Amino acid sequence: MNFYEHQDRARKRTKVIVLLFIVAVIIIMGVIVVPVGLASEWNGGAIAIASVCCLLIVGISTLVKLGQLNDGGRVVAEMLGGTELQTSGRNKAEQKVKNIVEEMAIASGMPVPSIFIIEDNSINAFAAGWTPSDAVIGVTRGCIEQLNRDELQGVIAHEFSHISHGDMRINIRLIGVIFGIMAIGITGWIFARYIGPIILRSSSRSRSKEGAGGAGIGLAVIVFGLFLVICGSVGTFFGRLIQAAVSRQREFLADASAVQYTRNPNGIGSALRKIGGIPQQSSFSKDGGQCNHMFFSQAVRSLFASHPPTTERVARVEGIDVASLPAPTRVESGGVSENISGFSSTSVAQGVQEASGIQEEYVARAKLAINNISPAIKEALHNSWSARLVMYSLLINKGDPKQHKLLTNLLSNQEFVELKNLLPLVKKEDRASRLPMIDLAAPALKQMSNEQQVAFAKTLTTLVNSDHVYSRFEWVLVSVIKKHLANKNVRADSKKANKTLARCSKEINVVLSALAYSGADSGDLASGAHGHAWRVTGLKEMTMVQVNDCTMESMQKSLCALQSLRFVEKQKFLQACESCVENDGNVTVAEAETIRGIGDMLDCPIPMFGATPNMSPQ
Amino acid sequence: MKNLLNIEPILAFTGLIVVFSVVFVLFIVIVVIGIFNGLVGLRNRVKNAYAQIDVQLKRRYDLIPNLVETAKGYMAHEKETLEAVINARNQAVSAASTASKDPTSAGAIADLAGADGALTGALGKLMVVMEAYPDLKANENMMQVQEELTSTENRVAFSRQAYNDAVMSYNNKREMFPSNIVAGMFGFNFAQSWELDDEAARDVPKVSF
């Protein structure tokens with residue numbers, strides 16, 4: 001399995017969640033309806049009323065919760081009380097986690113995710129978001145301080161695997177669904193704890209005849225509330241069951257991927273041992289209930305563990321027998337009490353075959369690529385004020401008087417001075433470092449307020465338009481940055497990915513034609529490349545679009561439509577794009593960048609090294 | 001059979017009341033939870049936006065002793081001006097550490113804005129005095145520190161703008177109906193935007209000969 005198959009599978013898995021959800025709701029309704037039916041001698045009206053109430057509670061609260069999570073990973077991280085890691089890392093531990101995340105992101109061709117720190121001494125981590133563009137990684141203070149670099153790298157690799165396997169999106173859906181199921185209990189609790197007692201108190205004050213009636217109502221409300229709480233515990237039971245069913249296998253897969261990404265089973269293995277050996281009470285248990293399944297290790301203990309037992313995970317990662325492991329110093333979580341042999345036991349080797357995405361040598365190369373960028377620029381990229389200026393410098397043609405004049409109007413004096421300092425440094429950088437620079441800037445750029453982001457996007461567009469030539473790199477830069485910043489358009493991106501290539505042939509033709517024209521010197525060569533690319537898709541070739549119709553706007557529009565392709569089809573499409581640019585025998589940096597830009601638009605991170613969209617290991 | 005028929009309208013009536021009360025309470029509860037979480041999210045955004053300023057402020061405050069140390073060697077007669085800078089800096093440092101504990105406390109932010117404004121004023125005075133010492137102005141170290149100071153100040157200004165935007169959306173939500181009711185119930189306090197004290201920031205001291 002590769003990235004694309006995982007993404008499609010993750011989307012199918014959402015259907016499983018929906019199915020489990022429906023089953024759970026039916027059972028809860030049964031639990032509520034049967035007593036109501038008995039009490040009312042099976043009166044149709046009463047039963048209907050009870051079921052409607054039940055459906056309303058679950059339905060509305062699921063929708064409300066999902067609506068809140070719409071903004072993506074940032075909201076989840078903030079809900080859990082995370083503070084964004086400030087990019088000029090103040091201490092060594094913070095710098096360490098920042099470096100690891102950057103290396104891993106550049107290696108996988110993703111924008112660097114924002115990092116959130118949760119002030120908690122237990123060792124834990126999570127990834128949240130809808131797409132790689134809005135993904136965030138959360139780590140606890142204990143995680144970055146108690147783990148050494150190898151261990152931390154294992155944990156971060158585990159979280160990256162959740163991003164690239166599409167688990168995050170399942171997780172966010174799960175939060176919504178579980179909240180909905182648990183809402184009945186919450187409503188009951190509010191009736192029993194607040195509303196009933198309030199009625200009781202107000203009636204005891206009045207001391208009249210009505211007061212006695214009020215007391216009766218108050219007691220009835222409390223009893224009713226308690227009844228709902230009992231029904232709600234059934235909901236909680238099923239919520240946990242769904243959590244456990246969906247997330248356990250994903251955890252094994254993520255552990256296996258972490259070994260593959262880092263090629264170091266000791267890293268994640270010893271991180272898991274640390275967690276197993278030093279059980280700590282975590283303090284974020286209040287909100288953690290709905291989010292159990294997101295974490296690296298279980299945040300809240302419960303009968304139905306969302307994570308496999310740590311001993312089992314260690315055994316699989318290190319390729320040893322569970323029995324040979326010493327017993328953990330304390331029972332780590334409810335999970336241990338369960339029958340360990342009940343799991344289908346896939347070995348790590350098998351897991352590695354299934355997993356794919358980041359290769360260990362990519363991480364090493366990414367580290368080199370980051371080190372090659374000059375420290376002054378790196379520093380600038382970590383701050384929103386100067387990161388903007390680096391992005392501007394990437395668009396500036398040296399010695400263009402028109403742009404110079406434009407910039408003096410657009411920028412403040414200090415910005416202009418800083419830009420002048422940065423410009424020669426940026427121009428000195430290797431061409432191949434340009435995209436990593438954009439990806440490294442992502443967290444800093446996301447820290448801008450909405451107003452600042454709008455102004456920034458406006459300046460970028462003005463710069464691009466200033467020379468009346470819309471180069472490929474300009475297109476890549478602007479579309480990648482806009483994709484990174486488009487928090488509000490997340491909804492559009494998370495729409496269904498279910499179309500086939502055949503249904504989008506018009507859009508495909510536009511992109512392939514544009515790629516063919518821009519890569520070839522003559523019309524013949526272009527149509528050759530175009531034809532070659534079509535053969536890769538396996539569809540009937542279409543006639544090339546006229547040169548004049550291949551505008552950046554039409555390309556942008558086509559790519560937006562292609563976002564709804566199934567992921568396996570996206571892979572085919574990207575392979576077609578690739579064969580289009582390499583038809584002439586060489587792939588230039590500009591062409592590789594364009595492919596990366598297209599991948600970014602389609603939510604398919606493409607590792608920069610080798611720039612091939614086919615990411616399966618062999 | 002007859003008995004049941006008689007009960008039915010009563011059952012239907014109480015049933016309706018139950019439905020209405022449950023749906024009503026549920027509606028209110030969900031709206032309140034939604035607003036509450038929205039407010040928490042915005043307040044956390046304010047905190048995160050403050051953390052951005054905080055990093056830059058710390059950098060700025062760390063640079064100042066270096067600047068003063070360099071200046072001391074050249075302008076021994078300007079002890080008062082230098083001391084004023086150091087005092088203002090120390091006050092700003094303590095105001096910043098109070099503010100970073102609770103960035104949503106209006107008082108702490110106002111204090112910090114004041115202390116930082118005073119520091120800017122004191123620095124401005126020092127710069128004017130420095131005009132009289134061409135050797136100092138040409139000093140390599142001095143030039144470097146000054147350059148870094150300016151660059152840091154720009155970053156502070158930019159993150160301050162992001163912070164004020166975050167504060168505005170939080171305060172707007174806090175004051176608008178119906179979220180103002182929830183904000184009042186759960187004690188969501190007014191957040192202070194970082195206003196530049198115009199007098200202090202822009203009052204360039206006059207040079208007296």
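Predicted model: local features only at pLDDT ≥ 70, side-chain atom pairs only at ≥ 80, totals over all residues.
Residues are numbered from 1 along each chain as its sequence is written, and chains are lettered from A in the order in which they are written. Local features need pLDDT of at least 70 and side-chain atom pairs pLDDT 80 or more, while totals for chains, interfaces and linings use all residues, and side-chain values use heavy atoms, without hydrogens or water.

**View 1. Helix α15 of chain A, residues 384–395.** The helix, a DSSP run of H or I with at least four residues, has 12 residues and spans 17 Å from first to last C-alpha, close to the 16 Å expected at 1.5 Å times one less than its number of residues. Of its 12 residues, 12 are buried (under 20% relative accessible area, 1.4 Å probe, protein chains only), among them A:W385 and A:R388. At the start of α15(A), a side-chain oxygen of A:N383 comes within 2.9 Å of the backbone nitrogen of A:W385.

**View 2. The contact between chain A and chain B.** With heavy atoms within 4.5 Å counted as contact, 41 residues of chain A and 34 residues of chain B take part. The buried area, the accessible area (1.4 Å probe) lost on being put together and summed over both parts, is about 3,300 Å², with 61% from carbon and sulfur atoms. A:E78, A:W385 and A:Q452 supply 18% of the area that chain A buries against chain B, more than any other three residues.

**View 3. A salt bridge between B:R155 and A:E418.** Their side chains meet at 3.8 Å, N to O, where a salt bridge requires a side-chain nitrogen of Lys or Arg within 4 Å of a carboxyl oxygen of Asp or Glu. Across the interface there are 4 salt bridges.

Definitions and conventions:
Helix = DSSP H or I, 4+ residues; strand = E, 2+ residues; numbered from the N terminus. Buried < 20%, exposed > 50% of the residue type's maximum accessible area, 1.4 Å probe, protein only. Polar contact = N/O pair within 3.5 Å; in protein donor to acceptor, adjacent residues only side chain to side chain. Buried area = accessible area lost by both parts, 1.4 Å probe.
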